[in-house]
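Subject: Structure handover

Hello,

Here is the structure, handed over for your use. My notes on what was found in it follow below.

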Protein chains: 4
Amino acid sequence: MTLTSPTGVIPPVCTPLTPDREVDVPSLLRLVDHLVTGGAHGLFVLGSTSEAAYLTDGQRRLVVESVAAHVAGELPVLAGAIDMTTPRVLDHVASVTAAGADGVVVTAPFYARTHPAEIARHYRGVAAASPVPVIAYDIPVAVHTKLPADVVLELAADGVLAGLKDSSGDLAAFRHIVTGARDRQGLTGFRVLTGSELVVDAALTLGADGAVPGLGNVDPHGYVRLYDLHRSGDLEGARAEQERLCALFGLVTVGDPARMGAGSSAIGAFKAALHLRGVIDCPVTAEPQVPLAQDEVERVGKYLAAAGLL
Amino acid sequence: MTLTSPTGVIPPVCTPLTPDREVDVPSLLRLVDHLVTGGAHGLFVLGSTSEAAYLTDGQRRLVVESVAAHVAGELPVLAGAIDMTTPRVLDHVASVTAAGADGVVVTAPFYARTHPAEIARHYRGVAAASPVPVIAYDIPVAVHTKLPADVVLELAADGVLAGLKDSSGDLAAFRHIVTGARDRQGLTGFRVLTGSELVVDAALTLGADGAVPGLGNVDPHGYVRLYDLHRSGDLEGARAEQERLCALFGLVTVGDPARMGAGSSAIGAFKAALHLRGVIDCPVTAEPQVPLAQDEVERVGKYLAAAGLL
Amino acid sequence: MTLTSPTGVIPPVCTPLTPDREVDVPSLLRLVDHLVTGGAHGLFVLGSTSEAAYLTDGQRRLVVESVAAHVAGELPVLAGAIDMTTPRVLDHVASVTAAGADGVVVTAPFYARTHPAEIARHYRGVAAASPVPVIAYDIPVAVHTKLPADVVLELAADGVLAGLKDSSGDLAAFRHIVTGARDRQGLTGFRVLTGSELVVDAALTLGADGAVPGLGNVDPHGYVRLYDLHRSGDLEGARAEQERLCALFGLVTVGDPARMGAGSSAIGAFKAALHLRGVIDCPVTAEPQVPLAQDEVERVGKYLAAAGLL
Amino acid sequence: MTLTSPTGVIPPVCTPLTPDREVDVPSLLRLVDHLVTGGAHGLFVLGSTSEAAYLTDGQRRLVVESVAAHVAGELPVLAGAIDMTTPRVLDHVASVTAAGADGVVVTAPFYARTHPAEIARHYRGVAAASPVPVIAYDIPVAVHTKLPADVVLELAADGVLAGLKDSSGDLAAFRHIVTGARDRQGLTGFRVLTGSELVVDAALTLGADGAVPGLGNVDPHGYVRLYDLHRSGDLEGARAEQERLCALFGLVTVGDPARMGAGSSAIGAFKAALHLRGVIDCPVTAEPQVPLAQDEVERVGKYLAAAGLL
């Protein structure tokens, strides 16, 4: 369980692509090395930042196989099993666990209209068939439903969920789960991770077990430093490091909103930054995302320089 | 093109399941016969009403293969290729066309955040790789984006889209597309179909080419009668038939909203009605939908009786 | 009751302002004459198109007094009593009825979070204290709540509501109310009006009693012609007139969305059109709406010319 | 400016009503004394927790007059000027400043559709005419728009805004404003207050100047203790106090969601708690809110007892 419900900094690993949009495995493994060298305590592949929604089933499997074989158990690998409903998620669970994932990360149903009772039934069905622990992924911006805190706590108490990755941005609801899990008997193994990369210091202060910061692809050392400062009790130092990372995060806004969506801009900027830093060979994003223009990429470079990363 | 962009009544075919939630092919083929006998002008498999979001890839393929082989070209079979983004949709397009689909029905990207420019890029990418015509599926309740009317018309003018299935409920925007397509040169083959089963008469009056009514599973004869009355100029008769169908549609509300979502109630009621009418063997719905209780099924029966269908 | 729950075409009257943004009463009365000459069957002042949300209480009262005195009972004057909750709405009801309104038009609570039980309680409270009939105003784009159809029908059956003005754009729900009101005993006086100016023909076909079209400010003759054609049974003629009005409606899009909201563009365009047509002296809109630029006004002129109105 | 842009704990003061729903001035003044005795650093009247949306203009004025006269300048009194658009807000600004308010708190436009350019224009127009400092009130749950962080910072830099009360729940955006204001020249007087009563400790840690906690009506001492612990550097103590207040906050959920909205439940529970604690005479809420049932009030009492307040 310690392997599969890790604490600490667990970056959602970007998926480098070749110019013809196949998974670029050598770049992916260099990125993994970059994250491990940066001090990451675990890896989360096939999340939203990984462009899981854009990868075919074959590409998804290749990502997990490549990463799991590469890290060879040195640190835990969580894998998203991102699909609309229980039967489709279960196919992904079978695939990613066969490929070596130590835990699966699962959202509420989407596309289909849903309901708290159906969300609970969904997680129970997934957990019953999963050979590895199941971590709930609360991401309303993608699935258009907020996981109810009481449903999460009930599923945790019943052993259905091993953890939560919260990308809802709702720190008050997050705290309700953190303190609820802490105060209940038998939930000592339940891990609560924040995906809100701009308030990791605050989340840790109120009791989070770790963070899954998309920006951690670009600057893993920064998030690990933040985490270590916080654990050592240097809250002021953690805040300063967080603020440096917040400034760096501005790179997600480089894309022109008249020409592309916020996702194209953010993922494009993360990949451009990894390319500029020499970690990956090609910054291309999956279709139908709109690529950054040259001047937008240059602005990414300025953010990196300002943060001392270039 | 006439086969693949059909006009008239094209029900979105429910997917009967066995008690252990595998596709019940004999029931599926009986349902197809029921629809063909009822006068349907085409079939739409793997839509939202078909529980496409709940079917595994294997189940999806089995549905298309079974139906396409059964109808053997006597009427066109459209198939949903419902997934999050271009690369994943293209895998479904390959699968359903190999299985015999005459056209594919594709939504805007979902889960991923999107943008009009990305929506256009998505359809262009899908159409470039599809061996059959592509029909846009506007269903904001599922994908949380409305297809912009001007994007649809531009894609139609460029030959990217062969038609539109509009389940947005926004009749004014629908009309904008209907008249826009009619008034532009070279768009004579572009078909505009409404998925709003409660205002089919109105949609036809303002120029729709046909309808894709979920309730048409339960009462295909009714929708075909409505369509024929309208074509013959008997608008008053069409309205009366539509109102009868609106009353019947009340069956989707039988499920207790404290216990299940609106989707579980609606799909559960359609299947319960098909079971009560003797068309399919088992009314079960896919996970994690909540089943109707016995008294809720009885209320479905009352709706059928009131409509003269039981 | 016939006066206060009118049928037919009831334009929501724009509120002309002077350059320093006071109510321009002479222009307002010329606009009223323009609408009456155009054949309007009633007037609706202080609606959304009237910029009621932007008018002070003093300006609101001046509008009702001026219009009511001017028409002197020749046709019914409905007045919006647009505010957040019951006590505030009741102050407006007192004010507009003292000023001569024949009926009041009231939305669901807004700003405050609400609930169907609270919506019902709101209308019951307003009706109990109102000296004139109360018409419900369903406008989710403004109040962010949809009036539940069953609540409307229950309030109609109880004599709380004398009618509904539906600007929700949801024609299926509208039909549910139209047929529900028709089929219940004792609801013969309940009037259902559509605010969806682009599908008035469809709304009339399914049983609406009339329309409240914002575009009717610009072209009242068109909407009255549409209504008369429909009543005479010339549905094809009604459709053609509606389509001409739909094309004219394009003028609401002239404002640059990078520079202003859709409301500034639409209200600005209506007023620019009235100014270009010589009905009002000044096209200014209330603060903080952004004014149209000169080239945007010129595009309004082109829409008018294309519709034969300039 | 120090008076009008206070720091620290500034409760949004509930508005006690008599059984016939008039402002209960003696209870209001006892509540003010309770807050002042509790250590409040300022008072915010006519906010959402004050039921400003439910109070008539006369009642609003009476509240400000009574409170301002009572505190007689001993601590600053901010007053909401809650209305839809600039002209209507300005009438409230005139009224509440005549009644003695030291600052006004103003939301984005609502009911009317809006746009960032219109929001900026709105605040500029209000500030130009206001005799006292203007504080922006970011409350998307009520106005259905999020104040863009860059608009807030631009208005702060231009001297339009003296502060921000953030009830958006988006701590990352809040931080962007806190650090942005801190890092810009000349913004030393701009105050950033959180309305998120469940994460006040986190907001203070990242640099907030104070808090406006609705629950502070019930337990002002708790929030003042939290604030003082935080200022003294005892972050662990602040966290423990915040967690005690979070547990107490559960009282807002006592109302049955099948019977009332979340607002009726929360405001009803605050007033029930104040009544049970002997601060106000009558727990009634304004129309059309649904009153709590007796057993729901008893559950409020249990929350108070568990928190050591009864």
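In this predicted model, 18 residues of chain D are in contact with 18 residues of chain A, where contact means heavy atoms within 4.5 Å. About 1,400 Å² is buried between chain D and chain A, with carbon and sulfur atoms giving 54% of that area. Buried area is the accessible area (1.4 Å probe) that two parts lose on being put together, summed over both. On the chain D side, Arg175(D), Arg239(D) and Glu243(D) lose the most area to chain A, and together they account for 36% of what that side buries.

Some conventions before the rest. Residues are numbered from 1 along each chain as its sequence is written, and chains are lettered from A and ligands numbered from 1 in the order in which they are written. Because this is a predicted model, local features need pLDDT of at least 70, side-chain atom pairs count only at pLDDT 80 or more, and totals for chains, interfaces and linings use all residues, while side-chain values use heavy atoms, with hydrogens and water left out.

On confidence: pLDDT is the predictor's confidence in each residue, from 0 to 100. Chain A has a mean pLDDT of 96, and 98% of its residues reach 70 or more. For the complex the predictor gives an ipTM of 0.97 and a pTM of 0.97.

Back to chain D and chain A. Four salt bridges are found across this interface, a salt bridge being a side-chain nitrogen of Lys or Arg within 4 Å of a carboxyl oxygen of Asp or Glu. One pairs Glu243(D) with Arg182(A) at 2.7 Å, N to O. Helix 7, helix 8 (200-205) and helix 10 (235-249) of chain D each supply at least two residues of the side that touches chain A. Helices here are DSSP runs (H or I, at least four residues), as are strands (E, at least two), both numbered from the N terminus. Glu243(A) and Arg182(D) also meet in a salt bridge, at 2.7 Å, N to O. Glu243(A) lies in helix 10 (residues 235-249) of chain A and Arg182(D) in helix 7 (residues 171-183) of chain D, so this pair joins two chains. Over all chains, the whole structure has 79 salt bridges.

Next, chain A and chain B. Here 49 residues of chain A are in contact with 48 residues of chain B. The two chains bury about 3,800 Å² between them, 57% of it on carbon and sulfur atoms. Six salt bridges are counted between chain A and chain B; one of them joins Asp57(B) and Arg88(A) at 2.8 Å, N to O. Helix 3 of chain A gives the most to the side of chain A that touches chain B, with five residues.

What about chain A and chain C? No contact joins them, and their closest C-alpha atoms lie 9 Å apart. Likewise, chain B and chain D have no contact, with closest C-alpha atoms 9 Å apart.

Finally, the fold of chain A. Eight strands form an open sheet in the order 1-8-7-6-5-4-3-2, with parallel pairing; two strands pair if DSSP finds at least two bridges between them. Strand 1 (8-9) and strand 2 (43-45) are the edge strands, each pairing on one side only. Four bridges join strand 6 (residues 163-166) to strand 7 (residues 191-194), and Lys165(A) has Leu193(A) as its bridge partner in strand 7.

Regards
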